[in-house]
Amino acid sequence: MRSSPPRAVRPGSRPARAAALAAVPRAVALVAMALPSPAAANGVFPSADQIVFDPADPARAVARMTYGLLTTRDGGASWRWICEGAVGYDDTAGQSPPIAAAASGRVLAALADGIAVGAEGGCAWARAAELAGREVIDLSVRQGDPSYVVAVAAGTRHGLWASRDGGASWTGAGALLPAGFVARTVDVAPSDPRRVYVSGLASEGGSVKGVLARSADGGETWQTAAVPGSTTSREPYIAGVDPLDADVLYVRIASAPGRLFVSTDGGAAFAPVFTTEGFVRAFAISPDGATVAVGSDVDGVFRAPSSTLAFERVSSVAPRCLAWTDSGLYACASEFLDGFTIGRSLDGGATFEPLLQQSCIRGPLECAASTAVGAVCPADWPRIALMTGHRDCTPDAGSPAAGSGTSAVATGATGATGAGAAASGGGQTSAAGVGGAPDGPGGGAPPPGGARPGGAGCNCRGGGAEEGWAGAVSAACLAAAAAARRRWRCAGVIVRGALGRARTTTDSLEGRL
């Protein structure tokens, strides 16, 4: 059991981003009026918010996008698209199914009417028969044993389900969760498969509070404890469980200002360890358990030794997800503001090399016409290509992208960087097959003020300061359109490559339009 953590820290805000968004209302209006309205990612900003890795092959990964899934088989050098229809859901209502990578190369998705099981490299999708028609709220693959998967399903009373064969078959596990408990997330301890945690909401004394349910016997019995400060508008989500100590888990509060809590006694009590002005959307623990990273959509990436939980800000990138493997720390980010959609860090989050820029998606996953992907996705690809500004990113022979070197992207870090950051990053090695990102124009270090990516294993080069301006325009426009029933016209910025061409003043934008 670990010692009590220090009191919460409140990091500084990101004034540059806030100023950029506040400075562009006129440009937003001009862009929104002048550009056509291509198909959007179901009415929301096209982005990634979860990435999972094949436990048997770290070069294979799947990312959840706002328009389906993307998969890579070469460590991020190239990405292919899997449409929502092939998996079996429709995101027009904002559904973002939790995904997991299990044994035998299976990819699992928790849906409103069951669990979708992807096989044959993601080409073939079918439903788990045992859970057909039941809402599956969340699922979790046990780290170190990908054949063991747990899921929590809704019903008159929510209950735990388990698979011992990587999601191929399922059985009900143990007793139902306490009456009135509404689950939100589930996780199983890497070091003890019988230790299961479920976060959610429960009625208590006439009010609804955030609660953690915990079981030490695989779900046969449950105990509950309140999560401080959590309610219906501040729901608790399990951020992670320590890979070496089943008693240590982290819970984040889904609200702004965001908070992260730790429990060192198996979920009986919680202490605050991190506070941010924005949402705590991302969290990861290094494979050796020595370091934790947390991401805020306002304040950037923070890192701390798990022994002290004394966080320091190491990057200005605002991650939507974090995942830490032996190959590095991976982040989902805003391509408009941070220069990449998925990136990898080898120094504990201080710098990131871009692995995915959405215009470089190669197309639908190549599958036989008899499979779900082969039958459904090709017909819908033109819409996605238009939305993402698709272009041929295949590197020319002899170009920087064709080389094997990598170019880390500076991220405006304040705090530990370089070798010192790498030393505290925890158990990171280079992933076989990860494509290198070429240097930006002119080579050398990128300019200050945030990420300036090179290629993402392709020939997609980043621009200069105009990218940040265009990103601010687009982000502000998207926020305004979201209030108008999520009907937005800013995708035209992507389609016409405006990110690389936009100028940095409102007057210049007016002149071009």
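A disulfide, defined as a pair of cysteine sulfur atoms within 2.5 Å, joins Cys 83 to Cys 377, with an S to S distance of 2.1 Å. The model is predicted, so local features need pLDDT of at least 70 and side-chain atom pairs count only at pLDDT 80 or more, while totals for chains, interfaces and linings use all residues. Residues are numbered from 1 along each chain as its sequence is written, and side-chain values use heavy atoms, with hydrogens and water left out.

**Disulfides**

- The count by this rule is 4 disulfides.
- The link of Cys 83 and Cys 377 is left-handed, with -80° about the S-S bond.
- Cys 83 lies in the loop between β4 (80–82) and α3 (84–87) and Cys 377 in helix α5 (residues 372–388), so this pair ties together parts that are 294 residues apart in sequence. Helices (H or I, at least four residues) and strands (E, at least two) are DSSP runs, numbered from the N terminus.
- Both Cys 83 and Cys 377 are buried, meaning under 20% relative accessible area with a 1.4 Å probe, protein chains only.
- Cys 321 and Cys 332 form a disulfide with sulfur atoms 1.9 Å apart. Cys 321 is in strand β25 (residues 321–325) and Cys 332 in strand β26 (residues 328–332), 11 residues apart.
- The torsion about the S-S bond of Cys 321 and Cys 332 is about 65°, so this disulfide is right-handed. Cys 321 and Cys 332 are buried.
- A disulfide also joins Cys 360 to Cys 393, at 2.3 Å from S to S, and with -75° about the S-S bond the link is left-handed.

**Cavities**

- A search of the whole structure finds 3 cavities of 30 Å³ or more. A cavity is a set of points on a 1 Å grid over the protein atoms alone where a 1.4 Å probe fits but cannot get out, and lining residues have an atom within 4 Å of a point.
- The largest cavity holds about 130 Å³ of space. Its lining has 16 residues, of which Asp 54, Arg 60, Val 62, Gly 105 and Val 107 lie nearest the centre.
- Strand β2 gives the largest share of the lining of the largest cavity, 3 residues.
- The second largest cavity holds about 50 Å³ of space. Of the 12 residues that line this cavity, the closest to its centre are Phe 53, Gly 75, Gly 76, Tyr 330 and Leu 355.

How values were computed. Buried < 20%, exposed > 50% of the residue type's maximum accessible area, 1.4 Å probe, protein only. 1 Å grid on protein atoms, 1.4 Å probe; cavity = no way out; pocket = protein on both sides within 12 Å on 5 of 7 lines; lining within 4 Å. Points joined across faces, edges and corners; volume = space filled by probe spheres on them.
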